[in-house]
Amino acid sequence: MTSPADKPGAAAEALRGRPRRRRLGSGMRRGVPLPLLVPALLGLAFLIVPLIALIVRTPWHSLPEQLASPEVWQALQLSLLCATAATAVSLVLGVPLAWLLARTDFPGRGLVRALVTLPLVLPPVVGGVALLMALGRNGIVGKWLDAWFGVTLPFTTAGVVVAEAFVAMPFLVISVEGTLRAADPRYEEAATTLGASRFTAFRRVTLPLIAPGIAAGAVLAWARALGEFGATITFAGNFPGRTQTMPLAVYLALQSDPEAAIALSLVLLTVSIAVLAALRDRWMTAS
Amino acid sequence: MITRSARRTRRTLRASAAGVVALLALSACSSSDDASPAKSDSSASASASDKVSGTVTVFAAASLKESFTELGQEFEAAHPGTKVTFNFGGSDSLAASITGGAPADVFAAASPKTMQIVTDAGDAEGTPATFVRNQLEIATLPGNPDGISSLKDLTKSGLKVVLCDKEVPCGAAAQKALDASKLKLTPVSYEQDVKSALTKVELKEADAAVVYKTDVKAAGDKVEGVDFPESAGAVNDYPITLLKDAPNAEAAKAFIALVQSAEGQKVLTEAGFLNP
Amino acid sequence: MSHLRKTTNDPTDDGDRTQGLDAHLVVDHGTFRLDVTLTAAPGDVVALLGPNGAGKTTALRALAGLVPLTTGHLRLDGTALDRTPPESRPVGVVFQDYLLFPHLTALDNVAFGPRCHGASKAEARTQAAAWLDRMGLADHAGAKPRRLSGGQAQRVALARALATRPRLLLLDEPLAALDARTRLEVRSQLRRHLAEFEAVAILVTHDPLDAMVLADRLVVIEDGHIVQEGTPADIARRPRTAYIAQLVGLNLYRGQADGHTVRLDAGPAITTTEDLSGPVFVAFPPSAVTLHRDRPTGSSARNLWHCEVSGLETHGDQIRADLTGELPLAADLTAVAAAELNLRPGAPIWATVKAAQTHAYPA
């Protein structure tokens with residue numbers, strides 16, 4: 001008899017206590033623990049101070065002159081075009097690859113995943129040399145591209161896209177694979193029981209579900225492609241208007257005119273920040 | 001400049017292990033013919049060699065890698081207890097590190113222009129001396145399948161030629177030669193340094209490149225070199241200097257002396273450099 | 001209903017056997033092996049009942065084609081489906097947590113199946129709207145799944161599965177995700193929809209009440225095998241395993257009958273009213289047990305055992321006492337009685353059961 005009487009009382013107490021605890025909890029959240037705060041701020045400073053230094057050292061007086069140069073705009077245009085094309089290539093090839101890695105089981109999958117991430121650890125210049133050996137005029141695949149289709153990639157704008165995609169695609173694949181693993185595969189099953197083929201299930205169910213992850217991966221890949229230097233200059237060379245992207249222009253300017261290099265870097269930085277911020281508002285927060 | 005007999009004498013001396021003092025004295029003598037600023041050190045070198053010890057840090061242009069590495073080993077053999085550490089790289093970035101405070105004893109640049117960055121910053125001790133010169137050469141595919149025999153041949157249509165970018169010394173030199181012969185050459189790429197330009201030919205992605213003689217030599221039979229007369233008008237001087245804040249100035253002086261000695265010059269000419 | 005259908009189909013007896021579901025499902029999964037035979041006529045609602053890990057869901061997934069059969073066969077309306085991929089099977093599934101596509105509205109969720117079966121967008125939406133209307137969800141057609149209540153989501157999931165006009169409807173724990181109050185309401189709605197459904201419906205549940213309310217026939221699975229099947233009433237009255245006995249709330253023992261006496265395999269004898277011989281089960285409800293502090297002298301009960309209280313828990317407005325000793329059993333008594341008997345774990349107690357309240361049946 002006493003126990004049923006106790007229970008509502010306890011429940012009422014718990015009810016009364018809960019808001020109090022909640023208030024306390026939000027208070028705790030406001031006070032960030034020092035062992036997290038200090039490294040966090042140091043990390044932030046570490047990332048931001050070099051950028052600030054770049055801005056501080058910018059030769060503002062000569063900036064208009066630098067920006068008036070058609071070569072700068074040519075390089076910037078080429079950079080944006082190639083990075084976007086490389087992202088598109090990465091999406092078309094990388095998303096299915098990520099699906100394969102996340103949703104199927106085949107012997108040697110672990111090895112394949114390691115191989116996919118290899119371009120992440122490979123020095124980009126080595127990546128460029130490897131691309132030359134594969135897709136160059138004399139490369140093991142490029143040889144046939146040349147013989148059959150008359151296509152040679154090195155020293156062309158398409159070559160820039162190939163080099164950038166090679167370096168940027170792993171970012172997309174890893175990002176999308178992670179999202180796919182986190183996504184419930186049973187949605188695909190539900191779709192197949194409704195009569196959808198595995199591809200239809202992927203297209204109409206999985207793809208919309210992982211769209212935020214794909215967007216994040218695409219942004220990462222785009223950013224990586226935009227800043228790509230080593231693989232690009234090694235594979236596609238450096239010719240203004242055709243293969244000279246901003247990072248190449250920056251590097252070469254650095255050889256003789258550091259001020260010009262800083263100005264160019266600033267342009268690249270501003271454009272990337274503008275694009276990333278716009279994308280973030282559009283895609284990332286919408287999800 | 002180095003007489004046959006002198007060379008033979010030196011070889012004999014080395015063969016009989018006559019010692020460092022004699023070797024350096026001889027080197028100093030043979031180089032004394034040159035109008036070398038290091039001349040003033042020559043009289044001191046014999047006595048200095050006794051005190052030479054510790055680590056010498058040499059910042060040198062990438063094109064000097066093979067020959068300087070060899071000279072470094074000779075130096076260490078001649079001066080037991082010393083160690084030569086090298087930092088090979090683009091002359092510009094090396095100059096930037098030195099003016100940025102990198103601890104180095106010797107700087108050997110691939111162009112007077114880059115050396116000037118260091119002298120302008122007041123980081124050089126004394127006046128830099130030109131110790132070798134490098135001449136341009138056309139690198140073609142092995143066997144020269146396109147039959148390139150002159151600079152003008154490079155302007156043939158359908159030929160894929162790579163040049164160094166105008167911002168780097170080999171590109172500036174090539175442009176100078178092209179301008180002098182009033183040739184208009186559109187390459188497929190302006191490479192960021194001479195090794196990249198050469199690599200494109202080595203990998204057969206480009207048909208020809210205008211590079212340094214030393215690079216053609218270092219590439220062995222992977223490329224074939226074609227001399228062109230216009231290269232005489234676009235020769236690159238390589239200056240070397242002792243640095244002001246050198247941690248081991250004595251050993252550094254001895255190393256510079258070795259580079260300028262007959263022995264050093266021999267190693268460098270074998271690599272394709274010209275005597276100054 | 002199903003019986004009616006069966007009798008009308010009786011003249012074409014062979015044809016009857018080819019209609020509906022005829023399945024022998026064998027699935028090896030590591031050391032676990034599922035091996036069950038299921039048959040059902042159109043209109044039947046069969047419940048697969050069993051503890052967690054018994055293989056109920058595996059059986060369902062095998063029927064849907066999401067898990068391949070190791071061996072066995074699967075025929076639906078006379079067509080072999082063993083090798084048919086899930087998207088080509090005339091099977092609809094209502095998943096445990098519904099798995100409504102979160103990026104689609106309720107309408108588009110339901111229209112998904114018809115679209116995949118070749119209907120035009122407009123056509124599929126018209127069909128979907130009709131299904132939602134039937135489920136009483138016309139007002140929620142434009143809502144995304146996260147804005148639907150549990151009961152609404154359940155009905156959308158059912159509409160989505162039915163919209164492909166399946167010949168086999170599978171429901172995996174259809175009520176498990178709901179709170180108690182919604183459950184009651186949804187259960188009766190689901191019962192109505194299942195009764196209207198003209199093909200075979202199989203539902204998986206671990207809740208005996210859901211099974212008994214919704215299904216015409218129960219199939220009890222334990223450890224990958226069928227341990228008992230029959231009508232809900234039959235199973236509730238004559239459980240054949242400890243698991244079922246516990247589900248339906250009976251004390252169950254196995255023994256050898258000799259007339260009115262059943263000698264239990266382990267422990268004492270029980271006197272029953274049935275006259276049987278050979279292996280039998282004896283069952284009686286916990287409410288049939290009377291507890292005494294001292295050995296009852298004047299009691300007419302023939303079944304008297306000395307026990308010890310091992311545990312007590314509240315069970316509705318009753319107290320359920322778990323006893324060990326001569327005969328392990330569960331007994332229900334009122335809180336007042338429990339207090340008067342001064343029941344506590346470890347206390348000795350005498351238990352009696354009247355023979356008339358026991359039920360013995362052949363094993």
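Biologist: Which residue stands opposite Ala139(B) in strand 9 of chain B?

Modeller: This is a predicted model, in which local features need pLDDT of at least 70, side-chain atom pairs count only at pLDDT 80 or more, and totals for chains, interfaces and linings use all residues. Residues are numbered from 1 along each chain as its sequence is written, with chains lettered from A and ligands numbered from 1 in the order in which they are written. Three bridges join strand 5 (residues 136-140) of chain B to strand 9 of chain B, and the two run antiparallel; strands are DSSP runs (E, at least two residues), helices are runs of H or I with at least four, both numbered from the N terminus. In strand 9 of chain B, the residue opposite Ala139(B) is Gly225(B).

Biologist: What is the order of the strands in the open sheet of chain B?

Modeller: Two strands pair if DSSP finds at least two bridges between them. The sheet has five strands with mixed pairing, and its edge strands, each pairing on one side only, are strand 7 (189-191) and strand 9 (224-226) of chain B. The order in chain B is 7-6-8-5-9.

Biologist: What angle does helix 7 of chain B make with strand 6 of chain B?

Modeller: Helix 7 (residues 169-180) of chain B packs on the sheet, touching strands 5, 6, 7 and 8 of chain B. Axes are lines fitted to C-alpha atoms, for helices over the stretch in contact, and angles run from 0 to 180 degrees between N-to-C directions. With strand 6 of chain B, the direction of helix 7 of chain B makes about 115°.

Biologist: Which element of chain A gives the most to the side that touches chain C?

Modeller: Two residues are in contact if their C-beta atoms, placed from the backbone, lie within 7 Å. By that rule, 14 residues of chain A are in contact with 17 residues of chain C. Helix 9 (186-193) and helix 10 (198-209) of chain A each give two or more residues. With six residues, the element that gives the most is helix 9 of chain A.
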